[in-house]
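Here are my notes, as promised, for you to read with the structure open.

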Amino acid sequence: MRIAETSDLWWKNAVIYCLDVETFYDDDGDGTGDFAGLTQRVDYLAALGVTCIWLMPFYPSPDRDDGYDVTDFFNVDPRLGTLGDLVEFIRAAKDRGMRVIADFVVNHTSNQHPWFVEARKSTDNPYRDFYVWRKDTPPDTSAEVVFPGEENSLWTRDDATGEWYLHMFAKYQPDLNVTNPKVRDQIAKAMGLWLELGLDGFRLDAVPFFLETRGEPKDQSARINPHGYLKALRSFLNRRNGSAVLLGEVNLSYQEQLEYFGGPEGNELNMQFDFMSMQHLYLSLARQDARPLAETLKGRPPINPDNQWAMFVRNHDELTLDRLTDGERREVFAAFGPEKNMQIYGRGLRRRLPPMLDGDQERMRMVYSLMFSLPGTPVLFYGEELGMGEDLRQEGRTAVRTPMQWNDEENGGFSGARAADLVAPLVRGEYGPDRVNAAAAKRDPESLFNFMATLIARYREAAELGWGRFAVIDQDQPAVFAHTCSSEGGTLVLLHNFSEDPVKVSGKMGDGSPDFRGAMLLDLFDGGNVALEPDGGFTVELGRYGCRWFRVHRKGDRLAP
């Protein structure tokens, strides 16, 4: 594939790195990470090979939900710096060839947001219709709450007016009424501001929830078609910045996700996270059997060529397993989170990958190799490149949101503040900064960091992975995931062994027609090349949790350097 063909839709072969400014690097020594500190660490991300930085919420907030409870969509939280600091960071990132996107919370605000403070004052307040209210006592919605054990209803009675307001999440996060044109105008103005300041798009939080129109009178909810609103947001972004991206959090079935892409037209979300493959990846890992993942990906529907799936192993939330059956979920819990404290909401895990795999380096590398080789755009969560662990002493999802571990000095090099003043405690023990840190990892040629940097380089050199056609290769080893990614420019063959036992894999390229005479599988890392049989057949040995990437090379093909 020619490079010119990939430049407009940059997100299709990007490498996205998610981080939280407050836990990345503290420049002023107050214990909280800031934009000035992040700017100092831009070269670290460039060295890793990241091409897009995803910022978790940085807006003013009481910080009861790690910044997802916003009080001002038009500013930077003073704890993290100023608008000038943000712009300086964006400029530094772009100088090094990296784009920047940010979380944008459309579903709700904090209950301390000035809009909600005003809305509570009276039923005829001009801001009342910015939120969703009802006069009558709501039905029992305890079975629908997103965070079981933390809330018991989607509605809370406000004593000021005696009416009930909707909150799909916590009661301190009242839902915005996106059927109100004034709300939509404010959202567009805020997005427009951040685009003008240099952002290249947004990760939209909880997309199915903000398109929810429950509680609205029929005449009011009819003002807007929910998916029409998503199309309008996409259109607005394209007018302001033709290369801006909307990356959506939509944890639904594949068929339902198609609606959020905008169907065949692909004119709603540009990208969506592939929750289905992520969850079945963990089932395959638990069983040491690649078939659950293979069958899931075989059933993934085709999407508009301008759209893309975002592939991930871990993110900042719980590792949700809600798309698995109860029995499948129990298998994953037994393998990777057998203790109650490791589980959350009865549907997920609050752990990072390295401790789940008992620090097995070969197995971790196989998992990340697989993530980068699957059809889509890889998304990393900060610290994954180091093999950071979680802190189960922390509550809920914050167990995986500990400060970045830069070196083995005090506070892991994250901050010069007293340990008691840090925004969050550092991980202790086997995965603490004295054993896992960026300074040591960069110096060690055998480290996970350097393996990840090599993966990223190979991924960036192989446009087929972001743009090509995906197909599973039939072979007789249930522990092996074998697939191809093909485009006009070539074909990659990618093999991953989910088993701790070495295996010999035999498969076949194409339909068996004799057009592979003299062809080779060229190893893209440091293994040996493999000759193809005239009918496209091959046999490859994979070691314990082994992984191999090959490019099909026929006689006469020009080799890349």
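**Notes on the model**

1. Let's start with two tryptophans: W10 and W11 are both buried. Keep in mind throughout that this is a predicted model. The rings of W10 and W11 pair edge-to-face, with 5.9 Å from centre to centre and 80° between the planes.

2. Another edge-to-face pair worth a look is Y282 with F336, where the ring centres are 6.4 Å apart and the planes stand at 80°. Y282 belongs to helix α10 (residues 275-287) and F336 to helix α12 (residues 326-336), so this contact ties together parts that are 54 residues apart in sequence.

3. How many aromatic pairs does the count come to? The answer is 36 aromatic pairs. There is also an aromatic cluster to colour in your viewer, made up of F35, F58, Y59, F73, F89, F104, W115, Y127, F130, W194 and F202.

4. Two arginines sit over tyrosine rings. The charged end of R41 is placed over the ring of Y25, 3.9 Å from the ring centre. R352 lies over the face of Y382, and here the distance to the ring centre is 5.3 Å.

5. On to the cysteines. A disulfide is a covalent bond between the sulfur atoms of two cysteines, and the count for this model comes to 0 disulfides. Take C18 as one case: the nearest cysteine sulfur belongs to C52 and is 10 Å away, and C18 is in no disulfide. C18 is also buried, with a relative accessible area of 2%.

6. Now the backbone. Most residues other than glycine have a negative phi, which makes the next two residues worth checking. D66 has a positive phi, near 55°, and sits in the loop between β2 (52-55) and α3 (83-95). With 12% relative accessibility, D66 counts as buried.

7. N411 is the other one: its phi is positive as well, near 60°. You'll find N411 in the loop between β14 (377-381) and α15 (438-443). Is N411 buried or exposed? N411 is buried, with a relative accessible area of 11%.

8. A few loop positions are handy for orientation. V178 is in the loop between β6 (164-166) and α5 (181-196) and is buried, at 3% relative accessibility.

9. P302 gives you an exposed position, at 74% relative accessibility, in the loop between α11 (291-298) and β10 (308-312). Where P302 and P264 are concerned, 38 residues apart in sequence goes with 9.0 Å apart in space, C-alpha to C-alpha.

10. N267 is partly exposed, with 28% relative accessibility, and its place is in the loop between α9 (254-261) and β9 (271-273). The C-alpha atoms of N267 and D140 are separated by 36 Å, and these residues are 127 apart along the chain.

11. Last, the second largest pocket, which has a volume of about 780 Å³. Which residues lie nearest its centre? They are V146, F169, F209, N251 and R347, out of a lining of 33 residues. By residue type, the lining of this second largest pocket splits into 14 nonpolar, 6 polar and 13 charged.

Conventions
Residues are numbered from 1 along each chain as its sequence is written. This is a predicted model: local features need pLDDT of at least 70, side-chain atom pairs count only at pLDDT 80 or more; totals for chains, interfaces and linings use all residues. Side-chain values use heavy atoms; hydrogens and water are left out. On a 1 Å grid over the protein atoms alone, a cavity is a set of points where a 1.4 Å probe fits but cannot get out, and a pocket is an open set with protein on both sides within 12 Å along at least five of seven lines; lining residues have an atom within 4 Å of a point. Grid points are joined across faces, edges and corners, and a volume is the space filled by probe spheres set on the points. Ala, Val, Leu, Ile, Met, Phe, Trp, Tyr, Cys and Pro count as nonpolar, Asp, Glu, Lys and Arg as charged, and the others, Gly among them, as polar. A disulfide is a pair of cysteine sulfur atoms within 2.5 Å. Buried means under 20% relative accessible area, exposed over 50%, partly exposed in between (1.4 Å probe, protein chains only). Rings of Phe, Tyr and Trp (its six-membered ring) pair if their centres lie within 6.5 Å; planes under 30 degrees apart count as stacked, over 60 as edge-to-face and the rest as tilted. Helices (H or I, at least four residues) and strands (E, at least two) are DSSP runs, numbered from the N terminus. A charge sits over a ring if NZ of Lys or CZ of Arg is within 6 Å of the ring centre and within 35 degrees of the ring normal.
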